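Welcome! Please take a moment to look over the sequence and the structure.

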Amino acid sequence: MDFSDEDLSRIIEMAWEDRTPFEAIDHQFGLGEPQLIGLMRRSLKPGSFKSWRKRVSARKTKHQKLRPVQVSRGYCPTQYKQR
C-alpha cells in the first residue's frame, strides 16, 4: 500500500502511542500487525525500530483483547495540547 506522507506520519505516531491498539490502526488504515511491523521496519532507523518493538512487546494496551477494562479510550485526555 502507498500512503501519503501525512498518513505515514500518523500511522507511525499511532504505533508509538501506548494506548492506541493495533486494531485501531488496522481499522483506520487497513494494516494488520504484521504489515505494521514491516512498515515500521522500513520507515524507522534500525535502533528506533528495535526500541519500538521492545516497547510494544511489553504493552498489554496495544492489543484490544489484552487491555484491562479500565482502559476505555485510545489516548490520555492530557496527551493532546489545545491549540
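Below are a few questions and answers about helix packing and salt bridges.

This is a predicted model, where local features need pLDDT of at least 70 and side-chain atom pairs count only at pLDDT 80 or more, while totals for chains, interfaces and linings use all residues. Residues are numbered from 1 along each chain as its sequence is written, and side-chain values use heavy atoms, leaving out hydrogens and water.

Reader: Are α1 and α3 roughly parallel or roughly perpendicular to each other?
Author: Helices here are DSSP runs (H or I, at least four residues), numbered from the N terminus. Helix α1 (residues 5-16) and helix α3 (residues 33-43) pack at an angle of about 110°. Angles of 65 to 115 degrees count as roughly perpendicular, and those under 35 as roughly parallel. Therefore α1 and α3 are roughly perpendicular.

Reader: Is E17 buried or exposed?
Author: E17 forms a salt bridge with R10, with the closest N and O atoms 3.5 Å apart. Buried means under 20% relative accessible area, exposed over 50%, and partly exposed in between (1.4 Å probe, protein chains only). The relative accessible area of E17 is 9%, so E17 is buried.

Note on methods
Axes are lines fitted to C-alpha atoms, for helices over the stretch in contact, and angles run from 0 to 180 degrees between N-to-C directions. Helices (H or I, at least four residues) and strands (E, at least two) are DSSP runs, numbered from the N terminus. Angles under 35 degrees count as roughly parallel, over 145 as roughly antiparallel, 65 to 115 as roughly perpendicular and the rest as oblique. A salt bridge is a side-chain nitrogen of Lys or Arg within 4 Å of a carboxyl oxygen of Asp or Glu.
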